[in-house]
Amino acid sequence: MLMKFLLTLLVLGSSSAFAAGVSFNRDIRPLLSDRCYYCHGTDSNHRKAGLRLDTFEGATADNDGVRALVPGDPSKSEVWLRIISEDEDEVMPPPDAHKPAFTDAEKALIKRWIEEGAKYEAHWAFVAPKRPAVPAGLNAIDHFIGARLQEEGLSFSPEAERGLLLRRVMVDLTGLPPTAEEVLAFEKDASPQAYERAVDRLLKSPRYGERMAMEWLDVARYADTNGYQMDSNRMQWPWRDWVVRAFNDNLPHDRFIIEQIAGDMLPQPTQDQLIATGFNRNHMLNAEGGTIAEENRTKNVFDRVETTGTAFLGLTMNCCQCHDHKFDPLTQRDYYSMYAMFNQLIEPGGVDKRFGKKAYSDTYDNLYAIESPYITLASPEQQAGLDAATKKWSEAKKTFDAAAKDYATPFIAWVKEMRDDPSLIPQRIKDDLISRFVLNAPLDNLQNGNTQRLLRVFLTDHPEWKKLSDLVDQAKADEEATREKIPHVMVMKDEKPRETHILKRGNYETPGDKVEPAVPSFLPKLPAGAKANRMALAQWLVSPEQPLTSRVIVNRYWQMLFGRGLVKTPDDFGLQGALPSHPELLDWLAVEFRESGWDLKRLIKLIVMSRTYRQSAKVTPTLLAKDPENILLARGQRFRIDSRFLRDQALAISGLLVEKQGGQSVMPYQPPGIWEEMSFGKNRYFQGTGADLYRRSLYTFWRRSVAPANFFDVPARQVCVVKPQRTSTPLHALTTLNDPTYIEAARVWADKLHDLPNDTARLRHAYLAATSRHAAADDLASLQRILGNALVHYTQHKADAAKLLTTGEGKPKSNIPAHDLAAWTTVCLTLLNLDDTLNR
């Protein structure tokens, strides 16, 4: 906590600011929130000694002649006296709280604050942003960043090298690097508008929507399966494709939010607007037997509330399931009032639609399990095929049922014989599950499910009737196969009003006080006269009075482009969250974004066109000493590319990438046994072929119980995640050096490089394609050594060359000797793993 505090001083507390006085928001609230609010904050049920320190009124209230704070007089302020006490029974925080004691520097700040009047301030994030003034003709981003740099005696770094700048903006906006030819063309274009033209081209590229969608899918916890033990499949991919279209079409971001929260409540909603509401059906879904429907339904609603809180409000609402928030002014009543908005959905609390694999199969392969409400999205061709298959099945069943007059009597006699003599059961029926139905299956209704199971066993010894039964089974299988290809998308649809109660300790079995739908009470209220439902909530989220949403959104996109948000805790804009490094810039961007009509492409262009974004990422000793984390942004930011885009990059550089958009998720290369081991053999991985192996990572099938094996540092997609995880371990290299995607990409790339006349030309071109930099003499020398050593190895070890060259589905297209192609594959694989390739 001390480090966080000192960092805050570094970023926000210049000497001039401290000379002007102590700031409650900047200097004092972080200390009180960390050390005091847990016991003396919002949660009345947990509050000690009836003392509340998170409000001025509570802190200055008279408590039997004692006041925690006496503005202007530390000696009469019980808070101060407790902080400096050396008596372990008196000192605050107490030793058993296991919180660090205040340092001398922190004590000095608190004393000075009390002396200056102990002024409280509203938490910055809970006050609607106002647009700060910017001198005419200046880029607002550069104005605020530059002013802060000047204050610290720093200045902007020079612009990045042309090739590296193009690579940076292409990776950021499309998830793919430029080709060597694109780099050369950009370097030769001396026009002042060259960079802006490149940005405009990227924003119009269909790749842009795919790149932006990847970010949102993590937030929206999108996956292709339900989670839990069965982890059966679902068909939400049309929602994913809607997201891609929304970004490419630059759907105003307020509409993007409204349609996902309440698209079904719009007047005469379109199919796309219904699909959009799949956002709130992306949660996990329990399809296991024996679960309690109301418990499942409650968990679904919890998820919607908490996802809304994280994705749009930047608030940690989870703990309010059980009690008032310990730090933020969020109460349990607030939580369940928002819960009431999502508590009207027609949902049974469990899977009520299964199709695909038979329910009694030993595996869950291709078993789809979804929950109402849902819509089907059959194409005209699919609908015609389904109608034909259904008709064929109906006719086959009608023929079979008509034969009942012939087989019913002997079948009933067959069952009665076993009832009279149970010893016949194991002789006639080998399946223990079906044998249990002998004694209780109704014989006066041959359509009963249990009776049908017995009938199928009986028919195995009567080929003249079994033939008809087989025709029914085949027709039904054909119909199911046709149906399972038609997307069934879970959506939102409310039913008649359902009462909502506070759930004591978050337990669905212990309802408490009744609550009405509402937004958190400390934030602006819903518009007067508005019906309190999801539509009102959606419109409130994007209203000018609402202080959080626009800040939260622009902060996340700043994080996407700089690796770190202006607020480094994108999931927590509350009292325990970090202060913004550049508060005026954050507010300016939030207001600008909102007043531009929530134009996301305009916001992205504004950021990437700034001098701040275009800076070189080179680090000088001065910058490293003064700002090691680059919070002040005196240089370009450097960070590792998302592993999903690393895979796409390898495919693109090699020429393998298949840029087909949309459709059902695909299964590219994956080591055998991973799904099976995680599911006790119930879920099996059926690797795709052809184009399916080379599509963008966005379209890779995502199983919640085990994320795709060739990705790392990715969320499980079980809950909303808004902050990327970046770690650095040797395990990452095991993927990028050994996964078949990377090896095959390297081999195909090596094959293509042989179109160039000599080794030097090949190495120069390959280095430029991988890094967007021209190889220096020492770079070329290193690559020549790698190539030479590889040639020696593969000349002497032909089996190793053969093994390397047969990795992946594709086969070499040229007649290059195996040892030569294997050596060049090694060089290309090395280039795909260079630091300059893995980072932007």
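How are helices α13 and α14 oriented to each other? In this predicted model, the two helices are roughly antiparallel, because the angle between their axes is about 165° and angles over 145 degrees fall in that class.

## Overall architecture

The protein chain contains 38 helices and eight strands. Along the principal axes, its C-alpha atoms occupy a box of roughly 100 × 85 × 55 Å.

Of the 840 residues in the protein chain, 54% are buried. When contacts between residues at least 6 apart in sequence are considered, 71% of them connect residues at least 24 apart.

## Packing of α13 and α14

Two packed helices are described by the angle between their axes and the distance between the axes. For helix α13, which spans residues 237-248, and helix α14, which spans residues 253-262, the angle is about 165° and the axes lie 11 Å apart. The crossing of α13 and α14 has a right-handed sense.

On the α13 side, the contact is formed by W239, W242, V243, A246 and F247, and on the α14 side by H253, F256, E259 and Q260. By class, the residues of this contact comprise six nonpolar, two polar and one charged.

## Packing of α35 and α37

Helix α35 (residues 777-796) and helix α37 (residues 818-832) cross at roughly 140°, and their axes come within 8 Å. The crossing of α35 and α37 is right-handed.

Helix α35 contributes L783, I786, L787, A790, L791, Y794 and T795 to the contact, while α37 contributes H819, D820, A822, A823, W824, T826, V827, T830 and L831. The residues of the contact between α35 and α37 divide into eleven nonpolar, four polar and one charged.

## Cysteines

How many disulfides does a search of the whole structure find? The search returns zero. For C36, the closest cysteine sulfur belongs to C39 and is 8.9 Å away, which is too far for a bond. C36 is buried, its relative accessible area being 11%.

C319 likewise takes part in no disulfide. The nearest cysteine sulfur to that of C319 is in C320, at 4.4 Å, whereas a disulfide requires the two sulfur atoms to be within 2.5 Å. With a relative accessibility of 29%, C319 counts as partly exposed.

F639 is located in the loop between α29 (621-626) and α30 (643-654).

Apart from neighbours within four places in sequence, F639 contacts M560, L561, F562, G563, R726, N839 and R840. The C-alpha atom of F639 is separated by 35 Å from that of L330, a residue 309 positions away along the chain.

## Backbone exceptions

Most residues other than glycine have a negative phi, and most peptide bonds are trans. The peptide bond from M92 to P93 is cis, with omega near -5°, and P93 is placed in the loop between α6 (78-84) and α7 (104-115). S372 and P373 are also joined by a cis peptide bond, with omega about 0°; P373 belongs to the loop between β4 (367-370) and β5 (374-376).

Positive phi values occur at D64 and A118, neither of which is a glycine. D64 has a phi of about 55° and lies in the loop between β1 (62-63) and β2 (66-67), where D64 is exposed with a relative accessible area of 77%. The phi of A118 is near 50°. A118 is found in the loop between α7 and α8 (140-151), and its relative accessibility of 0% makes A118 a buried residue.

Note on methods:
Residues numbered from 1 in each chain as written. Predicted model: local features only at pLDDT ≥ 70, side-chain atom pairs only at ≥ 80, totals over all residues. Heavy atoms only, no water. Axes fitted to C-alpha atoms, helices over the stretch in contact; angles between N-to-C directions. Helix = DSSP H or I, 4+ residues; strand = E, 2+ residues; numbered from the N terminus. Parallel < 35°, antiparallel > 145°, perpendicular 65-115°, else oblique. Left-handed = near helix turned anticlockwise from the far one by under 90°. Contact = heavy atoms within 4.5 Å. Nonpolar A, V, L, I, M, F, W, Y, C, P; charged D, E, K, R; others polar. Buried < 20%, exposed > 50% of the residue type's maximum accessible area, 1.4 Å probe, protein only.
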